[in-house]
Amino acid sequence: MTGERLSPQPGSRAPAPGELALVQAFINSHYDLELHHGADLFATPESLGGWLARYGLETGGRLSSRDVARAVALREGMRALASANGSANGAAAPAADPAVLAGLDGASAGASLELRFAPDGRPRWQPAGRGALDRALGTVLAVTATAFADGTWARLKVCPGPHCGWAFYDHSRNGSGRWCSMDVCGGRVKARAHYRRRRGG
Ligand SMILES: [Zn+2]
């Protein structure tokens with residue numbers, strides 16, 4: 001993938017391996033630690049186009065506010081889908097919310113994929129859609145489908161910390177990671193629980 005670059009991670013966590021780092025950065029485009037932290041990098045057609053170009057994703061045309069709504073819908077649907085990975089804790093993930101799946105299907109429509117063969121003979125999905133956003137979102141979806149197939153998707157989790165929602169890759173051996181960072185969210189929640197216990201609440 002051309003132009004792929006890695007975003008900094010909270011708690012010095014390593015990003016998701018390989019191309020899944022792109023999907024992770026896509027989900028975290030509302031929580032970018034490098035650029036305007038906490039700002040939505042998909043806020044306008046211009047900022048969305050800039051983000052996609054930064055990650056080497058071609059748009060093939062000018063973007064509209066409908067494109068922004070579609071990209072945000074895909075991002076938030078994928079965040080909700082990845083949230084189930086955190087609660088599953090190694091077990092089979094619970095069935096996803098039908099409304100989340102319908103939103104994902106709506107945002108994905110038009111981002112068609114074709115199967116092509118890489119130089120090593122392995123088949124891989126290649127985006128083939130024609131709309132301005134179809135190829136860019138198709139790339140994100142192709143990487144996601146591959147991550148489901150190779151099992152790495154189950155380790156892409158969403159931090160349940162208040163005001164967080166950061167997508168992180170759980171590199172722990174037993175796959176029990178829950179927080180983006182024990183120092184940031186995990187530590188804060190533990191300190192609050194400790195305080196409540198001390199107050200007898
Ligand atoms: Zn967090």
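## Zinc site

Cys164 is buried, with a relative accessible area of 13%, and Cys180 is buried as well, at 2%. Here buried means under 20% relative accessible area, exposed over 50%, and partly exposed in between, with a 1.4 Å probe and protein chains only. This is a predicted model, in which local features need pLDDT of at least 70 and side-chain atom pairs count only at pLDDT 80 or more, while totals for chains, interfaces and linings use all residues. Residues are numbered from 1 along each chain as its sequence is written, and side-chain values use heavy atoms, with hydrogens and water left out.

The zinc ion takes its protein donors from Cys159 (SG), Cys164 (SG), Cys180 (SG) and Cys185 (SG), at 2.3 to 2.4 Å. Donors are N, O and S atoms within 2.8 Å of the metal (3.2 Å for Na, K and Ca); water is not among the atoms, so sites may look incomplete. Along the sequence the donor residues follow the spacing C-x4-C-x15-C-x4-C. Helices (H or I, at least four residues) and strands (E, at least two) are DSSP runs, numbered from the N terminus.

The arrangement is tetrahedral because the four donor atoms subtend angles of 107 to 113° around the zinc ion. Four donors count as tetrahedral if all angles lie between 85 and 135 degrees. The ideal angle for four tetrahedral donors is 109.5 degrees.

## Helices H1 and H5

Helix H1 (residues 20-27) packs against helix H5 (residues 134-150) at an angle of about 120°, with the axes 9 Å apart. That makes H1 oblique to H5. Axes are lines fitted to C-alpha atoms, for helices over the stretch in contact, and angles run from 0 to 180 degrees between N-to-C directions. Oblique covers what is left after roughly parallel (under 35 degrees), roughly antiparallel (over 145) and roughly perpendicular (65 to 115).

From H1, Leu20, Leu22, Val23 and Phe26 meet residues of H5, including Leu137, Val140 and Val143. Contact means heavy atoms within 4.5 Å. Eight of the eight residues of H1 are buried, so H1 is largely enclosed by the rest of the structure. Among them are Ala21, Gln24, Ala25 and Ile27.

## Whole chain

The protein has six helices and four strands, in the order α-α-α-α-β-β-α-β-β-α along the sequence. Of its 201 residues, 40% count as buried.

Definitions and conventions. Four donors count as tetrahedral if all angles lie between 85 and 135 degrees; four count as square planar and six as octahedral if opposite donors are over 155 degrees apart and all others between 65 and 115; anything else is irregular.
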